[in-house]
Amino acid sequence: MTKSHSTGGTLIKDPWDVVAGAVLLGFSLLLLFYLVPNYIGEPPILQNPMMSPRWLPTIVGWLLLVFSLLMMLQGVLVADDGEDSGRRFECGPWMRFALMVLALVVYVGLFEMLGAIISGILATLILFIAHPVRIWWVYGLAIAFPVGVSLLFTEVMNVPLPMMPL
């Protein structure tokens, strides 16, 4: 059975993109104009605006705002007619979803106890198991990414993280 879309006369060609874009737009506005100004403190003396704790969340908020507007524009301009358009959601196996949730729980739950690097390695390995990775050298990235991200936060951005268990 095929689905027919009547695009003649209708302004919105893909309502789901417009709805998702509007929800993301709401989250970005909440982040930019309420959460960042009211809940992220800024020291009175800053040598560089990029050293402010508000800098990264503000950048993320503006990027989210731009991409949500682009998603809404896509919903107005592009119809989701084709079966092979690549825009359809396909339900994956439940085990994959459960492993992805487990990776998040492991990372958040063990972050303080094991440190950023070891909990990051464990979570990344669980994600690699959830999405079967068959190439052996890719598992080296399970070590490289958490180490690189932890060093980026601690050495470049001066964010104190628990690095290793004591």
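**Pocket lining and helix packing**

Trainee: Which residues line the second largest pocket?
Mentor: In this predicted model, local features need pLDDT of at least 70, side-chain atom pairs count only at pLDDT 80 or more, and totals for chains, interfaces and linings use all residues. Residues are numbered from 1 along each chain as its sequence is written, and side-chain values use heavy atoms, with hydrogens and water left out. A pocket is an open set of points on a 1 Å grid over the protein atoms alone where a 1.4 Å probe fits, with protein on both sides within 12 Å along at least five of seven lines, and lining residues have an atom within 4 Å of a point. The lining of the second largest pocket consists of Met 50, Met 51, Ser 52, Pro 53, Trp 55, Leu 56, Pro 57, Phe 153, Val 156, Met 157 and Val 159.

Trainee: Which element gives the most to the lining of the second largest pocket?
Mentor: Helices are DSSP runs (H or I, at least four residues), as are strands (E, at least two), numbered from the N terminus. Two or more lining residues come from each of α2 (55-77) and α5 (141-156). With three residues, the one giving the most is α2.

Trainee: How many charged residues are in the lining of the second largest pocket?
Mentor: Ala, Val, Leu, Ile, Met, Phe, Trp, Tyr, Cys and Pro count as nonpolar, Asp, Glu, Lys and Arg as charged, and the others, Gly among them, as polar. The lining has ten nonpolar residues and one polar residue, and its number of charged residues is none.

Trainee: What pattern does the protein follow along the sequence?
Mentor: The protein contains five helices and zero strands. Read along the sequence, its pattern is α-α-α-α-α.

Trainee: Is α3 roughly parallel or roughly antiparallel to α4?
Mentor: The axes of α3 (residues 94-114) and α4 (residues 116-130) come within 8 Å and cross at roughly 175°. Axes are lines fitted to C-alpha atoms over the stretch in contact, with angles from 0 to 180 degrees between N-to-C directions. Angles under 35 degrees count as roughly parallel, over 145 as roughly antiparallel, 65 to 115 as roughly perpendicular and the rest as oblique. The relation of α3 to α4 is therefore roughly antiparallel.

Trainee: How many nonpolar residues are in the contact of α3 with α4?
Mentor: Contact means heavy atoms within 4.5 Å. Among the residues involved are Leu 99 and Phe 111 of α3 and Ile 118 and Leu 122 of α4. Beside two polar residues and one charged residue, the number of nonpolar residues is 17.

Trainee: Is Gly 115 buried or exposed?
Mentor: Gly 115 is in the loop between α3 and α4. Buried means under 20% relative accessible area, exposed over 50% and partly exposed in between (1.4 Å probe, protein chains only). Because its relative accessibility is 1%, Gly 115 counts as buried.

Trainee: Which residues is Gly 115 in contact with, leaving aside its neighbours within four places in sequence?
Mentor: The C-alpha atom of Gly 115 is 4.6 Å from that of Met 163, 48 residues apart along the chain. With those neighbours set aside, its contacts are Leu 110, Pro 162, Met 163 and Met 164.

Trainee: Does Gly 41 count as buried or exposed?
Mentor: Gly 41 is placed in the loop between α1 (15-39) and α2. Since its relative accessibility is 52%, Gly 41 counts as exposed.
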